[in-house]
Structures are given as structure tokens and as C-alpha cells.
Amino acid sequence: MGGGGTPGPGEFGGSGRERARRRGQGQLEAQVLAALHEASGPATAAWVQERLDGDLAYTTVMTILSRLHAKQAVTRERSGRAYVWTPAADEAGLAALRMRRVLDGEPDRDAVLTSFVSTLSAHDEQLLRTLLDSTTADASATADGPAPADGPAAEPGTAPAPRRHHPSDEARGG
């Protein structure tokens, strides 16, 4: 085991913990979420660890599950002395949560969104426009139509929710 540099195969004794250190947190979270999605129902941390071929220490699996819970990507429920875990988001949902957390942590949201949108590919930009247009159309239909009979009526004297503005509004003359 001598010398510096990158360890050769077997120098860590095959320890799962050493392999885990070389993977990024996002990759570990994705693996744990994938294992939870394979479950037929709520799963224990030990079950998740087994599905990952014992590649991660139990404490590492618990740490990842706790982080995912803090991000609202999984839910947990007590089952005896342990928790059982259920995915609340898939990998795309987890990525969206991470993006939202980054955006929420920035003091100038407008600048961050502007920078992000300006770097999108043409395909991604069109997809985003389509999604925003459908969201705007849904919001307009709800605002223009009568309130559902079983839904809450607007409070007297309150203004309707402001319409969200996005860059494609200018292109449509809005």
C-alpha cells in the first residue's frame, strides 16, 4: 500500500465505503432513490442497503435518506424502532428540487433565471416556452372562468392573483 497517487485496485480492501467516497452525493442520492422506486411499498434503510449490494455502509444509506427527506424527495414513517421510506420524487423530481433550492438561495433570482435561460439550447428553450404557455393558459382559464361550485369563492375586496410574466409575452405582444 505504499506511495502516493491514486490507489490501485484492491488497495482499499474492496471497502464499499471507499468506493462511496469517490461517488458524488447526487449520484448516491439517485442510486438510493432508484432502489426505493423498485420497492413494492415503504422500505427500510437495511432493505435499500441490500439492493445496493451492500456497497454502502448502513450509516451512509441513513445519511442519504435523511438528506433526501430534508429535500422532500422521500417521506418516512415510523415502523417500530426504525423508519420506512417512500420516494416522493423520481430522479427528474430530485433534480428539480435541487434547481429550486439553488434558485431559492440566490439573492438575485432574476439574474440567475436570465443567465440560465440564455444558455438553453433551442430545443430546451422551446420546451420551456411550451410549458410556460400551457401553465399560463391553465391559469387564464381558471381566472376567466367562474369559480367551481364546490371550490372556495374569492374573498370580497381581494384582487386576483397576478399573472406571471415571461419573455415570450413580448413576442406575442403581451
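How many helices and strands does the protein have? This predicted model contains 8 helices and 2 strands. Read from the N terminus, the order of elements is α-α-α-α-β-β-α-α-α-α. The points below go from the whole protein to helix α2 and then to E29, a residue of that helix.

**Whole protein**
- Of the 174 residues in the protein, 21% are buried.
- The accessible surface amounts to about 12,100 Å², and carbon and sulfur atoms account for 55% of that area.
- Taking the contacts between residues at least 6 apart in sequence, 47% link residues at least 24 apart.

**Helix α2**
- Helix α2 covers residues 25–38.
- The buried residues of α2 are L28, E29, A30, V32, L33, A35 and L36.
- An α-helix has 3.6 residues a turn, so residues three or four places apart point the same way.

**Residue E29**
- E29 has a relative accessibility of 1% and counts as buried, because the cut-off for buried is under 20%.
- The side chains of E29 and K71 are joined by a polar contact of 2.6 Å.
- K71 is also one of the residues that E29 contacts once neighbours within four places in sequence are set aside.

Key:
Residues are numbered from 1 along each chain as its sequence is written. This is a predicted model: local features need pLDDT of at least 70, side-chain atom pairs count only at pLDDT 80 or more; totals for chains, interfaces and linings use all residues. Side-chain values use heavy atoms; hydrogens and water are left out. Helices (H or I, at least four residues) and strands (E, at least two) are DSSP runs, numbered from the N terminus. Buried means under 20% relative accessible area, exposed over 50%, partly exposed in between (1.4 Å probe, protein chains only). A polar contact is a pair of N or O atoms within 3.5 Å; within protein, one must be able to donate a hydrogen and the other to accept it, and residues adjacent in sequence count only if both atoms are side-chain atoms. Contact means heavy atoms within 4.5 Å. Accessible areas come from the Shrake-Rupley method with a 1.4 Å probe; for residues, only the protein chains shown count as cover.
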